[in-house]
Amino acid sequence: MSTESRRLGEKARNDPRLVFSSLHHHVCDVDHLRACFEALPADRAVGIDGITKERYGANLEENLEALSSRLRNMGYRPQPKRRTYIPKPGSEKGRPLAISCFEDKLVELAIKRVLEPIYEVQFEDRSYGYRPGRSQHRCLDDLGRTIQQRRINYIVEADIRSFFDTIPHAKLMAVVAERIVDGPVLGLIRQWLKAPVIEEDEQGKRRPTGGKGNRRGTPQGGVASPLLANLYLHLLDRIWVRHDLERRLGARLVRYADDAVILCRHGTKKPMAVFTAVLEKLDLTLNVQKTHVVDARADGFDFLGFRIAWRTSRRSGKGYPHVEPSKRAEQRIKDRVTELTARRRTPVALRDMIGEVNHALRGWSGYFHYRNCSTVLGRVKTHAEERMRTQLRRRHKLQSRAQGYLRFPNAHVYDHLGLFKIPTTAGWTSAHASA
């Protein structure tokens, strides 16, 4: 965090009623824009103009000076966003994203870095999604600690229907304006919300959606969208705290962006009624089909890619919240490794294939090497070994699995070929010790 960001955060913390009326010059500052350029990853998807970070950076100083000038003179206008889809469980088409052009990403990050420290100081501890220093693992720690220490009996997995697509612009801007009254900054945010999204059909014809008449939604995939989404759902957190609902209802609300979990000591009827009523005030809707109530002691539930269930420690005989990668998460990485080592890919150079497998395994295990993960990681490790050994048998025309084990033992696969070795020692071991 820059010195200026820290200063803004301290001012916001010291005076909760302070409103900020002069922030636009920070956004326009060339040094600030340059820092944002350096922070943007080079491998992000490109917008409709096809400009990459490398291409924009070829004339960086000239481009930044021109952008700064347009921002200062109110001549900047965001370009339409490009619609793309990423895989989403249970959806044939996938999760829709709106990809901004590189320069628009740059401006979004410039404003996000100015606004984030101002709003961050007022967010509640129970909010974890897309906030600096507050990871998925910290959210899971909160859930596990609450289940163990507060004798939670029921858990509600609450799903908000099409959250990013249904945030009302008028109410969102009213929340933003509680602390920001800088007209040019507010104008830029409105422009983002109104920017059309371009989607190509199967024939390659471009079809725009949204635009000036659009009154709902913040584009998922935008650099600033997570901050705006958190800011709007902060109203839910604030109501829960100000009305002391955790004590009055015996229900703790833990939220990761729009994924909410309500941990109930008693029944779920009253907490769910209050949660639903607050969503209605926010012009949001509870997705009843995807909202589930589970018995905290008898059943488990999936959250953020993990399975959380009450187990009994074999060493102490006491209960504890067991957190391990979910079956869906395990199957997805196995399917990915199987795809990368399929028979049809035998012509691919072995070094390249192993590099692709390693990339997938490193990313997956980097996230899931956490808490009670040893058994699942061991199964994934074995699967990767077997798939790589099967690929080697095909390349060397070995007929039996026994021949494969003799010629390509694990030591050869790891030490000679360089397959990434998934760690199988639990990344977090105090659950059993404290149980």
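Six bridges tie β6 to strand β7 (residues 259-264), and the two run antiparallel. Helices (H or I, at least four residues) and strands (E, at least two) are DSSP runs numbered from the N terminus, and two strands pair if DSSP finds at least two bridges between them. This is a predicted model, where local features need pLDDT of at least 70 and side-chain atom pairs count only at pLDDT 80 or more, while totals for chains, interfaces and linings use all residues. Residues are numbered from 1 along each chain as its sequence is written, and side-chain values use heavy atoms, with hydrogens and water left out.

**The sheet and its helices**

- The open sheet has four strands in the order β6-β7-β3-β8, with antiparallel pairing.
- β6 (251-256) and β8 (292-295) are the edge strands with a single partner each, so one side of each has no neighbour in the sheet.
- On average, neighbouring strands are turned by 20° against each other, direction ignored.
- Helix α7 (residues 136-149) packs on the sheet and touches β3 (154-159), β6 and β7, its direction making about 165° with that of β6.
- Helix α11 (residues 225-242) also packs on the sheet, touching β6 and β7, at about 170° to the direction of β6.
- For these angles, axes are lines fitted to C-alpha atoms (for helices over the stretch in contact), and angles run from 0 to 180 degrees between N-to-C directions.

**Nonpolar cores**

- A nonpolar core here is a set of buried Ala, Val, Leu, Ile, Met, Phe, Trp, Tyr and Cys residues joined through side-chain atoms within 4.5 Å; buried means under 20% relative accessible area, exposed over 50%, partly exposed in between (1.4 Å probe, protein chains only).
- The largest one has 70 residues, and Leu 115, Ile 180 and Phe 275 touch the most other members.
- Helix α6 (residues 102-120) gives this core its largest share, 10 residues.
- Leaving aside neighbours within four places in sequence, Ile 180 has contacts (heavy atoms within 4.5 Å) that include Phe 20, Leu 23, Leu 115 and Ile 118.
- A second, separate core of 44 residues includes Cys 139, Ile 152, Tyr 256 and Met 388.

**Helix α14**

- The buried residues of α14 (residues 327-340) are Ala 329, Glu 330, Ile 333, Lys 334, Val 337 and Leu 340.
- Seen down the axis, they fall within an arc of 130° (taken from the directions from the helix axis to the C-beta atoms), so they line one face of α14.
- That buried set packs against α15 (350-368) and α16 (374-395).
- Exposed Lys 327, Arg 328 and Arg 332 sit on the face turned away from the buried side.

Methods
Expected span 1.5 Å × (residues − 1).
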